[in-house]
Each structure stands twice: as C-alpha cells, then as structure tokens.
Amino acid sequence: MDFEYMTLRQKIRRILRFGKVGSSGKRLNRSVWGDIFLFFFLGLFGLFSAWPLIFVINNAFKPLNEIFLFPPKLFVQNPTTSNFRDMFNLMSNSWIPFSRYIFNTLFITLIGTSGSVFISSLAAFPLAKFNFPGSKTMSKMIVYSLMFSGAVTGIPNFVIISKLGLLDSYWAVLLPTFSSSLGLFLMRNFMTQIPTDLIESAKMDGASDFYTYLHIIMPLAKPAWLTLIILQFQSLWGATGGSFIYSEKLKPLSYGLSQIANAGVARTGVVAAVSLFMLIVPISVFIISQSQVIETMASSGIKD
Amino acid sequence: MAVNESVVMKKTPVRDFFKKFWEKRKKKTKHTWQLMKKNKEKYVMVAPFMILFSVFTVLPVLISIFFSFTNFNMLEFPDFIGFENYKRLFLADDIFLIAIKNTLILAIITGPLSYLMCFGFAWLINELKRPLRVFLTVVFYAPSISGNAYLIWKLIFSSDMYGYANSWLMDLGFINEPILWLQDTSYIMPILIIVQLWLSLGVSFLSFIAGLQTVDKTLYEAGAIDGIRNRWQELWFITLPSMKPQLLFGAVMQITTSLSISSISIELAGFPSVEYAGHTIVTHLYDFGSVRYEMGYASAIASLLFFVMIFTNLIVQKLLRKVGR
C-alpha cells in the first residue's frame, strides 16, 4: 500500500514496526496507542542511559575554553583532537613507558579471556552432558557460588594468593579469573541443549570425551564462548590490578591512565579523552559479537 | 537351653541386618569406584576448573567463616575468640548498623527496580526490528560495559557551579547557589540509587533479551486464537511462563549486585562518606579489611554478608518458582 493513502494508524505502525507478525502477516495483539506510549518510554530511558556517554564523547572533543564555559554546554561547538594529542603526549612522557602498560593489559586480557574460556568450557561439557559420581554436587556448588559476590571472598583470597607466592605477578589476576563460576554456568547451560544423540554417535565411532569436546561441542557452543569472551574481556580490560599487583611495571593500562587523569582540574579534557579511549574498545568488541551473544544468553537460565 | 536359644534367635536378625548393610555399602562403594574409574577422562576435564574453583571460591568462604571467630591481624597467628566479633558487630558498632540500614535501603529500592527495568527494556527492545534493536541494546548495555564509566556522574554532580546539575538548575532559576550534592547527607543516597539504576542493565538484561528470542513463536499465534486480546495478557500468560529459567538467573544476579554496592559509593560519595551517609556493608568490610587490617572482624562482616546473600537468594528463588504455577 502506498504510504500517502494509509490511515494515520497504519502510518504509525509502518514507522514504528512494533510487534511480532503472525504467519498470516498480521500483527498480533498490538494497539497503536500502546505502541506510541511504549516508544516514548523507551526513548526517554534510552536518553537517560545514553546521555552520560554523549557527555563523555562531547567533552573529549572540546577545547579547553569550552570545557570551562559557564554555563556549560552539553554539545561541543568547535571540536578539536587536542585532548587526544595531550593524552598521547602525557603517555610518552610517563615514567614507565606506556607501551609497557599496554602490553600488561593486552597480556592479562588475552591470556585471561582465552584461558577462562578453555578451562570453563572443558569442565562444562562433562557437567552438562554426563552423570558421574560427584557431578551433581559440583553443579550445585557452582549455582550457589553465583549467589554471593567477590567482596565476601576478598580477604581470604588475598591471604591465599600471598601464601602461594603469586602476589605481584600476572597470575594473581589470572588464576581467579580462570575459575569464574559465571562462565562455567553459562557454558554448562548452553551445552545442555546440544542434542545427546550427537555425543552418543561420536562415542560409537570411538571418539574420546576430549575429542568430542574439541570437534563437536566447541564448534556448536560458539555463541556461548563468544558471550564469555565479551564478559571476561570487559572485566579484564578495566582491571587495575588492585592490591594484587603493586610493581609499577606490571600495572595494567587502566591504572596508568588513571594516573594521568589524577593530576587535577587542568586535565579535565584529557580525562574525557581517556574515558572515551577506555570505553571504545569493549564497546566495539560488544557490538562485533552482539548477534552471537544473544543466542547464548538464551540458555543462561536456572532450570527447575 | 531355652533361654540361650531365644538370645540367639533375637541376635541373629540384628547381626544379619548389619552384615547386609555392610555388604550393601561395600557393593555401593565398589560400584561408585568403578563408575569413577570408567569416567576417568571426565574427571581430568573437570579438574583444572574445580581445583581453581576450590582454591579461589570454596576455600575462601570456609577460611572467612573460620577467621570470623578469631582475632586476626595478618601478622600474628589468629587466636580463637568465639562469637566476640559478631557481638561487637551488633552491640558495639553503631556504624555497622548505619551500613546495614543503607545497604538494605539500596537493595530494597535498586534490587526489584533494576530487575523490572532489565525485564521491561528487554521486552520493549524485543518488539523492535533488527537495526533499531541492536542499537538500543548497545545504548542500554553501554553503562555497564566499562568498569568505571560511572565516574562521569562525579562531574555531573560536582558541587561547584561548573557541575552540570548545578549549572542547569541555576540557569533555570530553581536554585541560587550550588548544591553540595555529594557532601549533603540528604542527597547522597538518592544519587547512589540513580547511578546504580543507570548501571543495572547488565548480564541479566542480556539474558532476558536472549530468553525473549527463544520463546516459541507459535505459542503467540495459538494464544491469539485462544482469545488473548492485548500485549499485557500475552506477556502474563505466554511470555513470562516461557522465560522462567532466565527470570531466576536474572534475580540471582540483581540480588547479588544490589547487596554488594560499594565502589560507586567510594568513588562518588568519598570514603568515608560524610556522616557515613553512603556507607554500606561492603564499604564497612573494606574499611576493616584494607584500611585497619582487623581481618577477624572484617571476616565476620564478610561471613554475615555471605549468609544474607545466600538466604535472600534462596527465598526469592522459592517465591519466583511459584509465579505462574
């Protein structure tokens, strides 16, 4: 139907495109006024959610005189890249070469993410698909461990890591990451949905469990480990090392950048550039793997 | 003779019972052992995770509970002092009571609200067609992507007239002089609540979006034929019951985060915050664990938090399982 001959109602529907379409092509159970109301509601909260980010993006491109303009304006008038130039200048003048911070973060993020994906998927497969003595107890323990946060185990963790002699090394951050129960939980729930027939027929052909894991389960569980990659990447990218890593040369990027940002009001513009820089990488990773993520999280539930 | 016989008669069934029990036990153990041997490879696969999990999750919980009964300062060997730490928490530590009050306020407001937000937005976004849907997912999820993006709020609620909130309110004529947002005890909690809600569309939000996409589409058509007339009925009778696993998972995530709010309080309201207005159980824990090194006392706080979290989660799980039944 031509747009100009539509009734107002149809026009709104065509623009908003809300709702599921049945096999007959007709939309089910959706009223236009409901659509409009919900659309405005979404837009309002979308703005609430997005405006601090809009704010950072704009601030990062503001020249110094605009940052201290009174009353402050949200949108940048004459965008410049001087903040980014200052950021890179400060980086190259810092006491520890910045490439070192970048290396530390890349090392922790890459090893941490891939190690976590490997270890938790390796354990998730037997727990999801087989019944053996202890498997139920282990699954239950993992569900329970989702129910409390890292704050509870902070002190003993520090004691354990120092007793193991891992303090002030990458391992102090990496090893706890490898045993993330959220990761194992997501993997296990996704793998439960893989048809058991596939595994049994592989067994008939004489495949070992590890072979089945590597050649059948992992390709099928791609959405699950992509999700895990996003979640781990996000948390490791922002990791500061905290009290576990105290040598300057082992500190990660986000620590180095926060040092730059700490020098007071004069660096407000640089701070915005730094925040944007720290944000842009995980957001890109998220957008790239977005379509796959959605599939996995579907199986993230706790079953009765 | 007769007496003797009766004793034997009485004794035999008892002995038999034990013998049988022992035999059964032995058989069962042997059976289990054989099963374990047969599944050797699976144990090898589970081992790396389970070893790390025991060392970094199970053991810490046990150690924390053990420390909570001791007087431990990281230097001397801990000595056992029974329930002293717990007594001190509830009877002699006024600041802990403030922390409990703040934590409960934050959890009761942000927990359910953020849960509803996660579901509501996931549901609305799911109604949209693809490009717009992806865009909005990114917009809503972006705040929780980056570890410390919430520091932006520090600039917004900065207490001089250059702070955005202040300058806009002054511009519009609502106030004449800047409000000390993060120093005024009556504003700290509302600001923490706003920021926490802003941050709350995280893992559970993604899980809900995914869950919504796996609901069997034919159910909606069948429902329409069976007389479901609007989207609200559809939500209640079809969508919610099909998403129960995700709803339970989301609840666990939101409860756990809402009870452990701490870093936004430390970064925005300062540490310690003015008159402890933004003090929570976890910041109290941080105070004793990382500042004063009273590890025994800090462990008591941690253990208490552990039980509160598990308890709340189990209760909410029980309630949620009843929905739609």
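This is a predicted model: local features need pLDDT of at least 70, side-chain atom pairs count only at pLDDT 80 or more; totals for chains, interfaces and linings use all residues.
Local features need pLDDT of at least 70 and side-chain atom pairs 80 or more, while totals for chains, interfaces and linings use all residues.

**Aromatic pairs.** I searched the whole structure and found 40 aromatic pairs over all chains. Rings of Phe, Tyr and Trp (its six-membered ring) pair if their centres lie within 6.5 Å; planes under 30 degrees apart are stacked, over 60 edge-to-face, the rest tilted. I looked up Phe185(A) and Phe249(B): the centres are 5.5 Å apart and the planes at 10°, so the pair is stacked. This pair crosses between chains, from helix α9 of chain A to helix α12 of chain B. Helices are DSSP runs (H or I, at least four residues), numbered from the N terminus.

Next I took Trp153(B) and Trp198(B), an edge-to-face pair with 5.4 Å between centres and 75° between planes. Trp153(B) sits in helix α6 and Trp198(B) in helix α8, so the pair ties together parts 45 residues apart in sequence. Trp153(B) is buried at 3% relative accessibility, and Trp198(B) is buried at 2%.

**One buried threonine.** I found Thr105(A) in helix α5 of chain A. Thr105(A) counts as buried, at 1% relative accessibility. Thr105(A) touches Trp237(A), Pro252(A), Leu253(A) and Ser254(A), leaving aside residues up to four places away in sequence; contact means heavy atoms within 4.5 Å.

**One leucine.** I placed Leu113(B) in helix α4 of chain B. Leu113(B) is partly exposed, at 40% relative accessibility.

Key:
Residues are numbered from 1 along each chain as its sequence is written. Chains are lettered from A and ligands numbered from 1 in the order in which they are written. Side-chain values use heavy atoms; hydrogens and water are left out. Helices (H or I, at least four residues) and strands (E, at least two) are DSSP runs, numbered from the N terminus. Buried means under 20% relative accessible area, exposed over 50%, partly exposed in between (1.4 Å probe, protein chains only).
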